[in-house]
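Dear colleague,

I am handing over the structure we talked about, and below it you will find my notes on what turned up in it. Please read them with the coordinates open beside you.

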Amino acid sequence: MQKPISKPPIRWHIPVFLAPAFLIYTAVMVIPLLGTIQLSLFSDIDGEQVFVGLANFKTLLGDQHWSQQFWNALLNNTWFFVIHMLVQNPIGILLAALLSSNKLRMKAFYRTSIFIPTILSFVIVGFAWKLILSPIWGVAPSMLDVIGLKSLFTPWLGKEEYALTTLALISVWQFVGIPMMLIYAAMLSIPDEILEAAECDGVTGISQFWKIKLPLILPSIGIISILTFVGNFNAFDLIYSVQGALAGPNFGTDVLGTFMFRTFFGFQLQLGDPNMGSAIASIMFIIILIGVSIYLFGIQTRLRRYQF
Amino acid sequence: MSVDIQKTACSQVTFRAIAAHAILITYTLIALFPVFVIVINSFKSRNAIFREPLSLPNAESFSLKGYETVLKQGDFVLYFQNSLIVTVASLTMVLLFGAMAAFALSEYRFRGNLLTGLYLAIGIMIPIRLGTVAILEMMVASGLVNTLTALILVYTAQGLPLAVFILSEFMQGISDDLKNAGRIDGLTEYTIFGVLVLPLIRPALATVAVFTMIPIWNDLWFPLILAPAEETKTITLGAQVFIGQFVTDWNAVLASLSLAIIPVLVLYLIFSRQLIKGITAGAVK
Amino acid sequence: QDATLTIESWRNDDLSIWQDKIIPAFEAKHPNIKLKFTPSAPAEYNAVLNSKLEAGSAGDLITCRPFDASLSLFEANQLAPLTDLEGMSNFSDVAKSAWITDDGSTPFCVPMASVIHGFIYNVEAFEDAGVEVPETEAEFFAALDAIKEKGNYIPLAMGTNDQWEAATMGYNNVGPNYWKGEEGRNALIKGEQKLTDEPWIAPFRQLAKWKDYLGDGFEAQTYPDSQNLFTLGRAAVYPAGSWEISGFNTNAQFKMGAFNPPVPNEGDTCYISDHTDIGIGMNANTKHPEAAKAFLNWVGSEEFASLYANSLPGFFPLSKTAVKMEDPLAQEFISWREKCEPTIRSTYQILSRGTPNLENETWNASVSVIKGAETPEEAGKRLQDGLASWYDPQK
Amino acid sequence: MGSLSLKNIRKSFGNVEVIKGIDLDVKDGELVIFVGPSGCGKSTLLRIIAGLETESTGSIEIDGDPVNGQSPSMRGISMVFQTYALYPHLTVKDNMSLGLKQAKRPKELIEKRVGFASSMLSLDDYLDRRPAELSGGQRQRVAIGRAIVRQPKLFLFDEPLSNLDAALRVNTRLEIASLHRQLSATMVYVTHDQTEAMTLADRIVVLNNGVIEQVGTPMELYNEPKNKFVAGFIGSPQMNFIPASCLKIDDAETIGIRPENILIDGAKADLTGKVSHIEKLGSDTNIYADCADAGLICIRLFGQHDTEVGSDISLHFDRDKMFKFDKNGDTVN
Amino acid sequence: MGSLSLKNIRKSFGNVEVIKGIDLDVKDGELVIFVGPSGCGKSTLLRIIAGLETESTGSIEIDGDPVNGQSPSMRGISMVFQTYALYPHLTVKDNMSLGLKQAKRPKELIEKRVGFASSMLSLDDYLDRRPAELSGGQRQRVAIGRAIVRQPKLFLFDEPLSNLDAALRVNTRLEIASLHRQLSATMVYVTHDQTEAMTLADRIVVLNNGVIEQVGTPMELYNEPKNKFVAGFIGSPQMNFIPASCLKIDDAETIGIRPENILIDGAKADLTGKVSHIEKLGSDTNIYADCADAGLICIRLFGQHDTEVGSDISLHFDRDKMFKFDKNGDTVN
Ligand SMILES: Nc1ncnc2c1ncn2[C@@H]1O[C@H](COP(=O)(O)OP(=O)(O)OP(=O)(O)O)[C@@H](O)[C@H]1O
Ligand SMILES: Nc1ncnc2c1ncn2[C@@H]1O[C@H](COP(=O)(O)OP(=O)(O)OP(=O)(O)O)[C@@H](O)[C@H]1O
Ligand SMILES: [Mg+2]
Ligand SMILES: [Mg+2]
């Protein structure tokens with residue numbers, strides 16, 4: 001009995017696997033967000049939403065008042081990101097590397113402790129650090145005093161030149177658990193035997209990290225960088241809870257997130273302007289999209305993945 | 001001479017271990033110090049908090065006022081329960097659906113693969129908060145306002161992009177031979193996913209679970225907007241009562257938020273037990 | 001018929017007062033109406049409320065921010081007009097001004113309370129330094145100097161981290177004495193005065209001098225820090241709003257007094273900021289308009305005024321009928337209404353409708369001036385330029 | 001029922017063509033063994049048959065039905081992977097029974113089959129261990145067990161015995177042979193072991209560099225190799241190749257003679273040389289003699305022999321058992 | 001310089017003791033081969049020597065220095081893993097040179113050594129590939145290459161040739177032997193291949209179930225096995241074991257006779273039976289005869305023979321080559 005040559009059957013499992021995520025995500029996230037993004041092309045004129053094309057963007061980038069705030073926020077954001085990349089990720093990788101070394105005791109304790117800040121709510125983080133760094137209640141000054149560095153103390157959160165860096169470091173403190181966890185998970189999947197082979201080859205300790213582990217976890221580092229990028233350019237809560245929506249001192253800690261929130265939802269007497277707000281959001285989105293695309297097409301495709 | 005070599009060898013090993021512990025302990029202290037400050041202060045009277053923020057509660061300054069206020073105000077057990085239901089349900093959906101989508105994207109080549117991946121990744125780039133009004137309208141229309149379902153749906157949507165992104169990366173690390181062995185064993189694609197792939201990416205699932213859980217647990221915004229009713233209040237929203245316009249009841253805030261750490265910590269501990277070394281050991285040559 | 005009304009509010013602080021006093025009092029009178037007070041955090045209130053109104057899930061009764069925030073809700077047909085509400089007649093035009101259309105024809109919120117600015121001081125600190133309550137600016141600074149000299153107290157408890165205190169309890173606290181209250185404020189609105197004019201620069205000049213009397217590291221000092229600093233007895237004078245009274249009463253262990261903003265020269269008329277702050281309106285889409293109106297009428301009643309004012313000393317009723325305050329500090333604040341001219345905060349009406357937002361700019365400018373990052377003149381010029389960029393009468 | 005037919009199969013990885021046109025028919029119930037040098041494409045071919053690798057061109061029929069594009073699970077095959085590919089998170093028992101469970105076979109049947117396989121493979125003591133806790137040979141046995149419990153019509157074995165010790169290897173080999181007979185299943189088998197290939201195969205396929213050099217029964221390949229490559233590949237130690245000129249034979253370029261067909265005989269010496277190295281295997285002895293022009297010649301003697309390294313040796317070749325190859329390496333008759 | 005001494009090594013995984021007290025001295029420059037059934041602990045012992053597994057008790061000396069607790073890199077060893085354990089992210093070349101680079105050896109030296117190893121292992125064409133793009137045998141060769149380029153004093157090989165084809169296996173074996181001579185390195189080697197063990201080893205260590213059964217030169221083990229286990233393990237096909245009673249010998253429990261020492265001789269029949277199965281290897285023929293009480297007996301004949309399955313056969317045993325074992329399996333002289 002000769003069966004006809006069958007065409008490859010439709011692989012129904014692919015849509016089945018994709019459907020639930022796709023549907024929920026589209027319905028609850030994409031459609032509402034599209035609605036919002038679309039607002040950026042409209043303007044409220046006498047209570048009517050009127051299509052104005054790219055006028056909002058023109059205002060945002062052209063109007064001196066808006067553009068000044070925008071560039072300030074973008075610059076701050078970039079600095080915020082730079083600090084995370086330079087401080088948070090290396091520390092996270094270092095901690096993960098230490099934790100994943102085989103013979104270490106008390107791993108679980110360290111891992112949990114270091115992760116605790118990450119599970120705190122912003123309200124608590126803001127409160128704790130404001131209390132600690134407050135010049136009034138003396139926690140930080142007196143601790144610096146113990147090591148004889150009291151003269152170094154200034155009200156970091158209140159000074160324009162330090163506030164953003166301080167906040168970024170607080171954020172690093174809070175989120176270092178994330179790169180740590182991810183890298184740790186990646187390191188766990190490296191088979192023991194490869195590391196044993198390296199041991200025999202005399203590739204141990206730090207050079208083992210550089211030459212064996214690091215290349216094997218590179219895809220995870222890529223993910224972390226992109227998550228840091230996306231997370232930082234969406235940053236909002238910490239700054240909001242420590243410095244408020246006006247992101248003081250003198251907008252020294254204003255990032256795109258706070259700028260957008262202020263504009264979109266309004267603040268104090270400033271009424272919310274969803275149109276301008278979504279224009280800012282759209283620009284944020286574009287910035288992030290560019291970054292992510294560079295990663296996806298330029299870097300991720302070049303990162304090799306290894307199967308174990 | 002040879003004995004010397006051994007000694008240095010040993011001391012080098014111990015030195016390395018000591019250095020590792022030193023770094024980790026230092027960082028642990030940095031990580032825990034602010035938490036310590038919060039916890040000790042939640043047991044002190046208001047004046048003591050600000051007079052001596054660093055000192056441990058003593059007979060004079062010890063006060064459970066914060067905790068009393070918290071327990072008196074509203075139904076905190078219910079809030080806890082709501083938070084837990086929302087978190088666990090959203091997590092389950094995020095992990096399951098996210099892993100399914102990630103599997104489809106990383107395992108099969110099909111037209112539109114990259115595009116679908118990008119589409120799902122877009123969600124990481126815009127805060128879902130921006131879609132609030134439309135989401136709220138949708139929930140009002142479907143009568144889901146003031147139900148936990150509304151929150152669960154939103155958090156699922158919010159958590160999916162990241163989950164898909166991270167999980168598909170990890171799924172590419174699973175040996176093809178292994179999945180092929182399954183196919184030859186007659187497993188369907190669904191069972192390959194459920195029986196082979198899911199258990200093997202446990203560390204990644206745990207990681208994603210932790211990442212997803214935290215913002216859900218700590219979120220204030222959507223509970224405030226979608227489910228502010230007494231019966232559906234979450235713990236974070238419940239704690240918010242103590243943050244006033246001009247007067248903040250720091251005792252109560254500290255107490256309620258210290259209490260709120262515990263369940264996430266427990267969840268975290270549960271998940272982090274899935275971070276196991278050598279899950280794929282012995283699979284292939 | 002039976003109805004349950006939900007009240008939207010940003011007043012987390014008042015939750016227990018509503019639950020324990022106000023709601024039972026009302027329900028006793030209207031057994032078929034149930035009330036639910038559901039406050040949200042003040043910082044998110046506007047955003048949350050707007051979203052809910054837009055989606056149609058907001059409560060029946062809505063606590064109103066003064067001026068534009070509520071006006072825009074009314075214009076979007078989300079607040080119901082209250083023109084024919086009987087209770088409205090109990091309020092003066094000034095009281096209603098914060099919640100009425102620009103042409104003054106249609107009110108949309110029942111005024112609930114106002115707050116008065118001034119200074120609260122630590123009586124022990126004054127005794128310690130041997131100073132009297134200041135009447136004039138010169139006396140004020142002399143007193144601060146004396147306290148500073150003595151060194152036991154921080155003269156002024158204020159920080160700039162949160163920004164708004166500098167503007168609200170600084171600029172708008174001392175300012176009315178210079179711009180002569182309503183006179184200056186209206187002139188600004190009409191475009192007859194500019195923010196670069198002396199009456200508007202002078203308050204900045206005073207603020208600039210405050211720097212030396214603030215605590216170490218005031219740049220990072222937050223609003224709760226300032227409150228704590230004062231109530232823990234470490235600071236002598238607290239530039240205040242009357243809303244602090246109840247909190248301070250519970251937390252401070254020492255005797256407190258209050259004085260109105262000192263006048264520039266002896267014998268000048270004093271002006272105070274008596275700011276219309278809280279109103280309450282009706283959701284235009286409520287399912288129980290009759291019940292809601294019943295409640296709003298009750299809010300206009302004397303019973304409510306007295307109940308509210310005495311439960312929340314520091315929030316003063318706006319109705320025409322005088323209310324007797326039991327709290328001495330509150331009584332002190334309200335007594336200024338008799339000797340001084342009241343006005344509202346300069347930026348609140350009309351002037352903060354555009355971008356840049358004058359209120360927010362004033363926060364920022366006040367902080368800069370206190371820190372010395374900007375001179376009073378520069379600050380004034382910046383505010384004026386900003387305002388002129390969108391506000392036609394000032395162009 | 002389990003026949004297999006490959007037509008002009010080709011496969012490239014990137015630019016490199018590793019399978020260069022394979023045609024092969026395997027009859028139902030036949031056991032065919034692929035041999036060939038490392039990297040010649042045996043595993044790739046097996047994976048193509050299994051449907052794990054898509055052929056670049058060509059067609060595959062199993063049971064007469066074209067299966068191109070069909071998924072592995074539809075093809076009704078079992079495979080033992082060269083890399084084992086065990087499920088690391090499952091116990092030995094679950095590794096073996098997963099396929100049957102999936103097919104919803106009754107519990108008792110599963111028990112029985114797994115019991116049979118595990119006792120046949122001496123895995124009874126390890127049923128509850130996970131792969132990471134097994135030795136290399138034990139893992140390999142689990143992989144075999146997993147394949148055989150399913151009793152499909154077509155088995156694919158990729159070097160299934162390479163990590164087993166001699167005794168176990170012989171046993172397992174015999175078990176596979178009897179399984180083959182019992183189930184009359186078709187088997188395709190890759191091995192490097194001469195003994196395995198010679199004893200187990202119905203037919204051997206010699207692959208080289210992506211093409212088939214010769215297909216035939218073991219004895220055909222041994223006695224009538226088509227060319228020098230096959231002649232050299234089959235038989236261990238390898239056939240000796242001597243330039244025909246050394247032996248004054250002129251109808252060939254190269255002469256091939258198997259080590260076992262060389263006699264040490266001073267009287268009728270075809271070549272003389274010096275003993276350079278001796279390998280004693282107990283049952284046989286391999287003597288390597290250095291014969292000037294002819295190069296190193298291996299002589300295999302039955303039993304144990306003591307010959308001094310460096311001593312002179314005279315070799316006589318059994319003319320009947322000589323192979324002649326032309327310039328291209330093809331056999332000349 | 002590269003001597004190795006193990007004293008009372010024991011190792012347990014959880015409750016299961018897999019190495020049960022091993023004492024062994026390996027002289028400098030010696031090539032010792034571990035053989036033993038799958039799962040008997042060979043790899044574990046090797047890993048203990050390498051320092052990858054910590055012994056539960058016992059001491060290890062390399063070069064006379066105790067190395068217990070020392071890290072593998074300090075012990076100056078090279079190891080070929082049974083599972084290869086190649087670095088997946090490095091090319092073949094880098095896989096081999098990483099160790100040398102790490103030791104900061106000069107570039108030219110690295111080039112030279114890698115060049116030597118890769119040509120010895122026929123890997124020249126694959127130097128720029130990554131492990132995932134190699135066949136099983138190629139991977140194994142890379143693993144060998146990685147071990148030998150470092151030229152340490154002690155080599156540990158875990159079944160290094162199991163995935164290579166016969167020809168390559170012989171070559172690589174010879175190369176390892178010559179490497180061994182050239183470097184006078186000490187080598188410990190695990191294999192399942194009889195030929196490899198017999199030809200390559202200076203001494204063979206027979207392990208069984210975590211203990212050493214016998215240590216000796218290949219011929220010692222072949223000719224004078226201490227017990228039935230060793231006798232059965234060394235030699236392929238396996239020695240035949242016959243109840244002594246069948247042959248009417250009473251100073252032993254069991255008689256062992258190797259297949260090659262059985263003659264087919266109607267005249268002097270010790271046993272008769274029926275041919276049940278024939279294996280033709282080309283160079284030899286194995287005949288399996290069913291001999292009633294004595295069971296299945298394997299007879300190995302040199303060359304090719306045609307015997308009909310089912311025909312009667314008479315077996316004669318060479319008395320000199322018979323082994324006698326007592327009840328405990330120990331050899332009786
Ligand atoms: N991590 C482990 N946990 C528990 N048991 C183990 C572990 N590793 C090995 N074993 C057991 O120890 C015994 C010895 O293992 P080992 O790998 O040394 O065997 P081997 O002699 O190398 O066998 P093979 O020839 O099959 O490779 C085996 O029975 C194995 O099941
Ligand atoms: N993914 C790949 N990419 C590129 N080349 C590959 C890939 N897989 C295999 N090859 C190459 O294809 C050729 C054939 O590989 P295959 O695994 O079929 O060999 P094999 O005959 O099984 O060898 P062995 O006996 O060593 O296992 C080899 O040269 C190998 O290097
Ligand atoms: Mg292969
Ligand atoms: Mg082993």
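By a polar contact I mean a pair of N or O atoms within 3.5 Å, where within protein one must be able to donate a hydrogen and the other to accept it, and where residues adjacent in sequence count only if both atoms are side-chain atoms. This is a predicted model, in which local features need pLDDT of at least 70 and side-chain atom pairs count only at pLDDT 80 or more, while totals for chains, interfaces and linings use all residues. Residues are numbered from 1 along each chain as its sequence is written, chains are lettered from A and ligands numbered from 1 in the order in which they are written, and side-chain values use heavy atoms, with hydrogens and water left out.

I begin with ligand 2. Residues from chains D and E surround it, so the site is shared between chains; of the 21 residues around the ligand (a heavy atom within 4 Å), S43(D), T44(D), R129(E), S135(E) and G137(E) come nearest. Oxygen atoms of ligand 2 lie 2.5 Å from a backbone N or O atom of G137(E), 2.7 Å from a polar side-chain atom of Q138(E) and 3.0 Å from a polar backbone atom of E133(E). The protein covers 88% of the 640 Å² of accessible area that ligand 2 has on its own (Shrake-Rupley method, 1.4 Å probe).

Chain E also holds an open sheet of four strands in the order β2-β1-β4-β5, with antiparallel pairing; strands are DSSP runs of E of at least two residues, helices are runs of H or I of at least four, both numbered from the N terminus, and two strands pair if DSSP finds at least two bridges between them. β2 (16–26) and β5 (65–66) of chain E stand at the edges, each with a single partner strand, so one side of each has no neighbour in the sheet. Helix α1 (residues 42–50) of chain E packs on this sheet and touches β1 (4–13), β2 and β4 of chain E (contact being heavy atoms within 4.5 Å).

Two cis peptide bonds deserve a look. One joins T355(C) and P356(C), with omega about 0°, and P356(C) is found in the loop between β10 (341–343) and α16 (358–371) of chain C. The other runs from S236(E) to P237(E), with omega near 0°.

Conventions:
Axes fitted to C-alpha atoms, helices over the stretch in contact; angles between N-to-C directions.
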